[in-house]
Amino acid sequence: IIGNTGYVQTNTVMEVVAFDLNTGLTKWTYVPIVPPNAKLPRATSSHGLTYENGIVYGPTGAGGGYMALDATNGKLIWDSGPIRPVGGAFRTSAAPLIWKNTVVAGSALGDLPPYGFPERGTVTGLDKKTGKKLWQTTLAVGPWVEGANNNSSNGGADVWTGGAIDMDKG
């Protein structure tokens with residue numbers, strides 16, 4: 001809730017809705033574009049949005065990325081596109097963190113067949129102004145997930161919440 005406006009994101013479609021707190025009426029709605037090759041093997045859930053300086057940031061679910069919307073009118077500022085190749089069960093659902101000029105974004109799902117190959121979770125830094133990927137860290141590493149015999153059956157270390165940043169250490 002910011003001022004007299006509430007912002008929510010629906011599950012599965014990941015639609016963002018802004019509504020007037022006094023009347024309950026919808027101010028605007030934005031539905032992210034999901035690439036045609038993105039499969040929906042099971043529902044994607046939104047775990048929240050992030051607001052900073054008139055911009056709403058949120059995950060695109062099966063789109064595999066993040067978006068920035070103008071909080072006043074719902075116009076798309078940027079869509080990062082998939083932060084990893086779309087397919088299998090890779091999704092984004094966590095509310096991102098904002099740190100200086102970086103949107104810190106996690107990935108989730110993909111840990112259980114038969115919903116596609118298990119995916120390894122990631123944390124990705126996106127440029128706050130453009131959505132361009134700056135860096136990405138894979139969270140599940142080691143012989144149990146790497147190699148031809150393991151990477152199709154092991155995944156995990158997904159990001160389900162926004163996390164935290166140590167403000168003193170950056």
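Reply: Start at Asn53, which sits in the loop between strand 4 and strand 5 (55–59). (Strands are DSSP runs of E, at least two residues long, and helices are runs of H or I, at least four residues long; both are numbered from the N terminus.) Bear in mind that this is a predicted model, where local features need pLDDT of at least 70 and side-chain atom pairs count only at pLDDT 80 or more, while totals for chains, interfaces and linings use all residues. Residues are numbered from 1 along each chain as its sequence is written, and side-chain values use heavy atoms, with hydrogens and water left out.

Asn53 counts as exposed because its relative accessibility is 68%. (Exposed means over 50% relative accessible area, buried under 20%, and partly exposed in between, using a 1.4 Å probe and protein chains only.) Lys100 has a positive phi too, about 55 degrees, and is not a glycine either. You'll find Lys100 in the loop between strand 8 and strand 9, and at 61% relative accessibility it counts as exposed.

Now step back to Glu52, in strand 4 (residues 50–52). With 22% relative accessibility, Glu52 counts as partly exposed. Its side chain meets that of Lys128 in a salt bridge, at 3.0 Å from N to O. (That term needs a side-chain nitrogen of Lys or Arg within 4 Å of a carboxyl oxygen of Asp or Glu.) Side chains of opposite charge can pair when their charged atoms come close. A search of the whole structure turns up 1 salt bridge, and it links distant parts of the chain: Lys128 belongs to the loop between strand 10 (122–127) and strand 11 (133–138), 76 residues away from Glu52. Lys128 counts as buried, because its relative accessibility is 15%.

Leaving out neighbours within four places in sequence, Trp78 is in contact with Lys128, and its other partners include Tyr57, Tyr66, Val103 and Leu126. (Contact means heavy atoms within 4.5 Å.) Thr102 touches Lys128 as well, and its partners beyond four places in sequence also include Leu97, Gly125 and Trp135. Thr102 is in strand 9 (residues 102–106) and counts as buried, because its relative accessibility is 16%.

Trp78 and Tyr57 are both buried, and they belong to the largest nonpolar core, a group of 12 residues that also includes Phe90, Ile98, Val103 and Leu126. (A nonpolar core is a set of buried Ala, Val, Leu, Ile, Met, Phe, Trp, Tyr and Cys residues joined through side-chain atoms within 4.5 Å.) Strand 6 (66–70) and strand 9 are the elements that give two or more residues to this core. A second, separate core of 9 residues includes Val16, Trp28, Val56 and Ala71. In soluble globular proteins, nonpolar side chains tend to be buried together.

Rings get together here as well: the whole structure has 3 aromatic pairs. (Rings of Phe, Tyr and Trp, taking the six-membered ring for Trp, pair if their centres lie within 6.5 Å; planes under 30 degrees apart are stacked, over 60 edge-to-face, and the rest tilted.) Tyr7 and Trp28 make a tilted one, 6.1 Å centre to centre with 50 degrees between the planes. Tyr7 lies in strand 1 (residues 5–9) and Trp28 in strand 3 (residues 26–30), so this pair ties together parts 21 residues apart in sequence. Tyr7 and Trp28 are both buried. Tyr57 and Trp78 form a tilted pair too, at 6.2 Å centre to centre and 50 degrees between the planes. Here Tyr57 comes from strand 5 and Trp78 from strand 7, so parts 21 residues apart in sequence are tied together. Tyr7, Trp28 and Tyr51 form one aromatic cluster.

Finally, zoom all the way out. The protein has 0 helices and 11 strands. Of its 170 residues, 42% count as buried. Among contacts between residues at least 6 apart in sequence, 50% join residues at least 24 apart.
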